[in-house]
Amino acid sequence: MDAEIIAVGSELLLGQIVNTNGRFLSQQFAEMGINVFYHTVVGDNDRRLQQAIELAESRADLIVFTGGLGPTKDDLTKETIARHLGKQLVFDEEALRSIEDYFSKKGRIMTENNKKQALVLEGCHVLRNDHGMAPGMVLTQAGITYMLLPGPPKEMEPMFLSYGYQQLQNRLQSKERIESKVLRFYGIGEALLETEIEDLLENQTNPTIAPLAADGEVTLRITAKGESKEKCEALISQVEAEILRRVGQFYYGSNQTSLIQELVKELTKRDMTIAVAESLTGGMFQEQLTTIPGVSAIFKGGVVSYATAVKAKMLHVSEATIANYGVVSEQCALEMAANIRTELESDVGISFTGVAGPEEQEGKPAGTVFIGISYRDGRSHVQSLNLSGSRAQNRIRTVKYGCHYLLRDIQQM
């Protein structure tokens, strides 16, 4: 099956709510081996919904609608589909009783428009709503399957899992499934990464490889289709091994992990503690550290030393260093890292100093960054960066580079 998911609701277009239904259904369809090629969002307008249906019918044999099954006049999904398919809307007696029972138990008067929620497409298979009022429905006509689901995720998700999933399984001619794995890279640009694996991208069939870049990171999603999870994973492993053979030095993890999670994992595995001194990042590195449960086992603490006087007083950066080199310097970064490590008696200290922007500082342009790393055994070094971007981008990327350099260091110990 090739599927299109159509989310109905003007509130989605206005940005008042996020379309989490599309993500949920796409994940479910991937496991079932159903291809999702299009996501469409359309407002509460019957003409535009009609156009969306006609377009979807030209490119999909499964069209799934979420939303627009409620009692108000702007809930028009099933009415539009019924008119389009030449079907009548009829009352589902079980759904109607369920709605009546709900109002009776709540001691509330049921208005006439609430009965509208019990209307279903003539001849459809009704999907019971165990968590709300409006039932869902499935109907196949002229080789296309139409599935209508309620908009609220708390109703839609259990309805699909309990009833909709099996209805689609019954209609699937193939029992293939789709599995994906995301490889995460840092320290290499999207263009260079694609160049290194250009032949793999050009000759891909099954599995497929999809690159994506965001906030200085690059990911490769490898997707395989097969008759079992094991066969999909075997196909993915072959391609993954070849990719890592070429660009493995920039790889840091897979799927839903992050640089900071991998760093904490590595420090924990080696029983190493860390202390942090931040200037331009303003505590961002420490904030990210503390989002991870259990980080207190390895994170001693840190100092946000934005002002020069604080670097001198709290981190003991020497007057000579400040006078001769400035606070945006390799020398200052080294002293910040070494002194915070000593002060908090940790195994490693890391520091961040630089110019976030947009103005220059000490004659150095925005994006000039120094990251200092100091170890208990006396080893230390500084990584310098020349970043280009907004103030916010420079700060975010500085934190990620700090994770990247420190993670790479520790892994090579």
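Biologist: How many salt bridges does the count come to by this rule?

Modeller: The count comes to 19 salt bridges, where the rule asks for a side-chain nitrogen of Lys or Arg within 4 Å of a carboxyl oxygen of Asp or Glu. Keep in mind that this is a predicted model, where local features need pLDDT of at least 70 and side-chain atom pairs count only at pLDDT 80 or more, while totals for chains, interfaces and linings use all residues. Residues are numbered from 1 along each chain as its sequence is written, and side-chain values use heavy atoms, with hydrogens and water left out.

Biologist: What makes D46 and R83 a salt bridge?

Modeller: Their closest N and O atoms are 3.8 Å apart, and the cut-off is within 4 Å, so the pair passes. D46 sits in helix α3 (residues 46-57) and R83 in helix α4 (residues 77-85), 37 residues apart; helices here are DSSP runs (H or I, at least four residues), numbered from the N terminus.

Biologist: Why is R83 called exposed?

Modeller: Exposed means over 50% relative accessible area, buried under 20%, and partly exposed in between (1.4 Å probe, protein chains only). R83 has 52%, so it counts as exposed. D46 has 36%, so it is partly exposed.

Biologist: And R270 with E266, what is the N to O value there?

Modeller: It's 3.0 Å, N to O, for that salt bridge. E266 has a relative accessible area of 9%, so it is buried. R270 comes in at 32%, so it counts as partly exposed.

Biologist: What makes R379 and D377 a salt bridge?

Modeller: Their side chains meet at 2.9 Å, N to O, and the rule says within 4 Å, so they qualify. D377 has 55% relative accessibility and therefore counts as exposed, while R379, at 40%, is partly exposed.

Biologist: Which residues are linked in a network of salt bridges?

Modeller: D199, E242, R245 and R246.

Biologist: What is the area buried between domain 2 and domain 3?

Modeller: About 780 Å², with carbon and sulfur atoms giving 59%. That's the accessible area (1.4 Å probe) that the two parts lose on being put together, summed over both. Y186, D215 and Y252 supply 72% of what domain 2 buries against domain 3, more than any other three residues.

Methods: Helix = DSSP H or I, 4+ residues; strand = E, 2+ residues; numbered from the N terminus.
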